[in-house]
Amino acid sequence: MYTDILIPTDGSDNVEPAIQYGLELARRYDATVHALHVVDSSPIERKLELTALETDLETLPDTWYEAGDAATKQIETRAAEHGLDAVTEVRRGIPAREIRSYITDTGIDLVCMGTRGLTGLDRVLLGSVTTRLVRTVDIPVLSVKAKQALSEPGMRGGFETILVPTDGSKPAREAVTHALDLARTYDATLHALYVVDRGAYASRPGWTWDELQQVLEQNGETVLEDVQSRATADGVSVAAEITHGVPHQAIGDYCDQHGIDLVVMGTHGRSRLSRRIIGSVTERVLRNSDEPVLTIRGV
């Protein structure tokens, strides 16, 4: 499923877990590793816009490019230790834009990103570059927090338990496809979760809660039966559950209770607004999850 995996790096320690996961996935899928560093010219470009000064961006310090070259070469060396092919490149520009351009230029089909780089603000907010990519690229993005490392207990053998929350929407079904392939590749157990959203009652005037709950539970049963059928056909072990609550909280609780190693989600569900912005449930899971989150953007 994945043949070219991109690992953007800023050379900081915070990117290390994303590198580990990227290399592990590349090893499992025998994929080519792409290591990319973007020399961030955005602060200078913003200053030029404000001052209307003319400055040659080619005069950016050589040390910035040298640091990027060292960071990408380190990934190349580690990839070679796993017998993997690797490609390195250093670009200049606005990071999110250059990463998207690289994806288009080289046919990348998976990105492994750290959710924060060198700044402290991203301890609270999901890293802005990662957020922009999750919202805008049409390929899967694996978001990994700085503290998530394969050396942690339960991670040494890769993914053993994979959770796919689903509402039956097109993005969710696409997420199931990726989750099934990963579960088959890692011989992992797939957990399918449908959350009966208590907040849905407010958007259904004229319904009683009992009526709406029954409809939602029936929909959940149908959706989970489909996932179970697909898993059985693929020879994947599957566990399915319907739960009630606030979706992102229910997903977090399920991860804690079942020792989930990876969450796979579509980036929007049924709302039209979410075609332009990341779905609120997925965004909250990304911000709060202690597990790596693979997002599949619906188009």
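Okay, so a search through the whole structure turns up 13 salt bridges, where a salt bridge is a side-chain nitrogen of Lys or Arg within 4 Å of a carboxyl oxygen of Asp or Glu. Before I go on: this is a predicted model, with local features needing pLDDT of at least 70, side-chain atom pairs counting only at pLDDT 80 or more, and totals for chains, interfaces and linings using all residues. Residues are numbered from 1 along each chain as its sequence is written, and side-chain values use heavy atoms, with hydrogens and water left out.

Let's look at Arg 184. Helices here are DSSP runs of H or I with at least four residues, strands are runs of E with at least two, and both are numbered from the N terminus. Arg 184 also meets Asp 234 in a salt bridge, 3.2 Å from N to O. Asp 234 belongs to helix H7, so this pair ties together parts that are 50 residues apart in sequence.

The cut-offs are under 20% relative accessible area for buried, over 50% for exposed, and partly exposed in between, with a 1.4 Å probe and protein chains only.

Arg 173 is in helix H6 (residues 170-186) and Asp 226 in helix H7, so parts 53 residues apart in sequence are tied together.

Elsewhere, Glu 89, Arg 91, Glu 98 and Asp 105 are linked in a network of salt bridges.

Now the sheet. It's open, with 10 strands in the order S3-S2-S1-S4-S5-S10-S9-S6-S7-S8 and mixed pairing; two strands pair if DSSP finds at least two bridges between them. Strands S3 (86-93) and S8 (238-245) are at the edges with a single partner strand each, so one side of each has no neighbour in the sheet. Strand S5 (residues 141-144) pairs with strand S10 (residues 293-296) in the antiparallel sense, over 3 bridges, and Leu 142 stands opposite Leu 294 in S10.

To finish, the protein chain as a whole: it has 9 helices and 10 strands, and 49% of its 299 residues count as buried.
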